[in-house]
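Hi everyone, thanks for coming. Please have a look at the structure on the screen, and I'll walk you through it.

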Amino acid sequence: MRLSEFSGKEIVDIDYGEKRGVVAQSDMEINPITGEITAIVVSNNSLFGIGKKKADIIIP
């Protein structure tokens with residue numbers, strides 16, 4: 001799958017059925033040797049920066 005196809009995908013928490021974000025708006029950890037994505041880091045910010053910041057979610 002190409003990055004352009006992958007970046008539009010939604011990230012959904014299967015335990016709670018909640019949308020967590022979109023791959024394009026997340027950070028990625030990439031193996032510099034193979035070029036493979038090793039993890040997706042979903043920022044768990046509150047709306048408009050109001051409220052408590054939660055820990056980021058790392059998806060291997």
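Let's begin with Val41, which stands opposite Ile58 in strand E5. Before I go further, please keep in mind that this is a predicted model. A second pair to find is Ile40, and the residue opposite Ile40 in E5 is Ile59. These pairs belong to the meeting of two strands: E4, which covers residues 37–42, pairs with E5 in the antiparallel sense, and there are 3 bridges between them.

Now for the other partner of this strand. E3 and E4 also pair in the antiparallel sense, here over 4 bridges. If you click on Glu29, you can look for its bridge partner in E4, which is Ala39. Strands E3 and E4 make a hairpin with 6 residues between the strands. In that hairpin, Gly35 takes a positive phi near 80 degrees.

Is Ile37 buried or partly exposed? Its relative accessibility is 38%, so Ile37 counts as partly exposed. Together with Leu3 and Ile30, Ile37 makes a nonpolar surface patch of about 280 Å².

Next, let's step back to the whole chain. It has 1 helix and 5 strands. Reading from the N terminus, the elements run α-β-β-β-β-β. How many of the residues are buried? There are 60 residues in the chain, and 18% of them count as buried. The chain exposes about 5100 Å², with carbon and sulfur atoms supplying 54% of that area. And on contacts: taking those between residues at least 6 apart in sequence, 11% join residues at least 24 apart.

Finally, two residues from the earlier part of the chain. Gly8 sits in the loop between helix H1, residues 3–6, and strand E1, residues 10–13. With a relative accessible area of 56%, Gly8 is exposed. Which residue is 16 residues apart from Gly8 in sequence, yet 6.1 Å apart in space? That is Ala24, with the distance taken from C-alpha to C-alpha.

The other residue is Asp13, and you will find Asp13 in strand E1. Why does Asp13 count as buried? Buried means under 20% relative accessible area, and Asp13 has 17% relative accessibility, so it counts as buried. If we leave aside its neighbours within four places in sequence, Asp13 is in contact with Glu18 and Arg20.

Note on methods: Residues numbered from 1 in each chain as written. Predicted model: local features only at pLDDT ≥ 70, side-chain atom pairs only at ≥ 80, totals over all residues. Heavy atoms only, no water. Pairing = 2+ DSSP bridges. Buried < 20%, exposed > 50% of the residue type's maximum accessible area, 1.4 Å probe, protein only. Contact = heavy atoms within 4.5 Å. Areas by Shrake-Rupley, 256 points an atom, 1.4 Å probe, with all protein chains shown as cover. Patch = residues over 30% accessible without salt bridge, like charges linked within 9 Å, V, L, I, M, F, W, Y side chains within 5 Å. Salt bridge = Lys/Arg side-chain N within 4 Å of Asp/Glu carboxyl O.
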